[in-house]
Amino acid sequence: MEDFFTLASSRRSIRKFKDMDVPQEDIEYFINAAVSAPSGCNSQCWRFVAIRDKNVLGKIEKAVISKVESILKIRESDLPKNYMDSKRKMVSFFTKAPVVIAVFMTEVQYYDPIFITALKENGYNDESIMKLFANYDLLSIGAAVQNLLLAVHEKGYGACWMNEPAICGGEINEILGVPEKDKFISLIPIGVPSYNPRSKEMKNIDEVFFTV
Ligand SMILES: Cc1cc2nc3c(=O)[nH]c(=O)nc-3n(C[C@H](O)[C@H](O)[C@H](O)COP(=O)(O)O)c2cc1C
């Protein structure tokens, strides 16, 4: 196995896949890595759905594209040439992957009711409390997704964390039969990469890190 730094620093988003399957045992390995992540007060506030059915992926694609088109309608006369076509591709490439993981965040929970009551008595409301803590449930989802992406990469597959499909999150819940109270967060297409990604520009470490 590669050392951790090599694994983490060589992971890249992959958006095109070979026509090769990802066995179910590998999917389970990725999910086991994801659910090992830390979560606020160990809430494990996540749900994952593996989608292999192309018919289901087609329904999600249709929902995402029609939402994108309806949002962009207001700018129709002003869009750069080819913008619409490339946007459609950018939001729908997941359909070409052999498997796509949908990630949901389960109902928001408060972990310390006494402290939350005190915060409310100090004038905070639900929304400002979530802002204060940078939404710890969402942070937990981020930790799980990163674990999953690294496990995917470790096994020689590629994946892309896609948030844009969240524009029609409610419809994705419906298509997948996931209850409304679980909030759709992301789609993660996974497969064997069909290309080598270009190197990416990195910020200098001094820009993002200091020690006091
Ligand atoms: C929270 C989050 C949301 C993202 N959403 C999308 C997306 O909707 N579509 C997409 O193509 N890439 C998406 N990406 C991938 C980023 O574009 C990519 O991580 C970034 O450009 C850095 O490239 P790398 O992943 O190859 O290191 C997302 C990444 C993150 C972390």
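Contact here means heavy atoms within 4.5 Å. In this predicted model, His153 is in contact with Leu7, Ser10 and Arg11 once its neighbours within four places in sequence are left aside.

**Overall architecture**

The protein chain contains nine helices and four strands. Read from the N terminus, its elements follow the order α-α-β-α-α-β-α-α-α-β-α-β-α. The C-alpha trace extends over about 55 × 50 × 40 Å along its principal axes. Of the 212 residues in the protein chain, 39% count as buried. The chain exposes about 13,200 Å², and 54% of this area is supplied by carbon and sulfur atoms. Among contacts between residues at least 6 apart in sequence, 81% join residues at least 24 apart.

**The sheet**

The four strands form an open sheet with the order β1-β2-β4-β3 and antiparallel pairing. Strands β1 and β3 stand at the edges with a single partner strand each, so one side of each has no neighbour in the sheet.

| Strand pair | Bridges and sense | Opposite residues |
|---|---|---|
| β1 and β2 | six bridges, antiparallel | Trp46 and Met105 |
| β2 and β4 | seven bridges, antiparallel | Met105 and Lys183 |

Strand β4, residues 183-191, is largely enclosed by the rest of the structure, because eight of its nine residues are buried.

**The ligand site**

The shell around the ligand is made up of Arg11, Arg12, Ser13, Arg15, Phe93, Cys160, Trp161, Met162, Asn163, Glu164 and Lys200. By residue class, this shell divides into four nonpolar, two polar and five charged residues. A polar side-chain atom of Arg11 lies 3.0 Å from a ligand oxygen, and an N or O atom in the side chain of Arg12 is 2.7 Å from an oxygen atom of the ligand. Glu164 contributes through its backbone, with an N or O atom 3.0 Å from a ligand oxygen. On its own the ligand has 620 Å² of accessible area, of which the protein covers 63%.

His153 belongs to helix α7, residues 136-154. Its side chain forms a polar contact of 2.8 Å with the side chain of Ser10. The side chain of His153 also reaches the backbone oxygen of Leu7, at 3.5 Å. Arg11, which is among the residues in contact with His153, is also one of the residues surrounding the ligand.

**Residues in loops**

Met20 is located in the loop between α1 (4-10) and α2 (24-34). Leaving aside neighbours within four places in sequence, Met20 is in contact with Pro98 and Val192. Met20 is partly exposed because its relative accessible area is 42%, a value between the limits of 20% and 50%. Between Met20 and Cys160 there are 140 residues of sequence separation and a C-alpha to C-alpha distance of 17 Å. Cys160 is one of the residues around the ligand.

Most residues other than glycine have a negative phi. Gln44, however, has a positive phi near 45°, and Asn82, likewise not a glycine, has a positive phi of about 70°. Gln44 lies in the loop between α2 and β1 (46-51), whereas Asn82 is placed in the loop between α3 (54-72) and α4 (83-92). Gln44 is partly exposed, with a relative accessible area of 39%. For Asn82 the relative accessible area is 51%, so this residue counts as exposed, the cut-off being over 50%.

Conventions:
Residues numbered from 1 in each chain as written. Predicted model: local features only at pLDDT ≥ 70, side-chain atom pairs only at ≥ 80, totals over all residues. Heavy atoms only, no water. Near = heavy atom within 4 Å. Polar contact = N/O pair within 3.5 Å; in protein donor to acceptor, adjacent residues only side chain to side chain. Areas by Shrake-Rupley, 256 points an atom, 1.4 Å probe, with all protein chains shown as cover. Nonpolar A, V, L, I, M, F, W, Y, C, P; charged D, E, K, R; others polar. Helix = DSSP H or I, 4+ residues; strand = E, 2+ residues; numbered from the N terminus. Buried < 20%, exposed > 50% of the residue type's maximum accessible area, 1.4 Å probe, protein only. Pairing = 2+ DSSP bridges.
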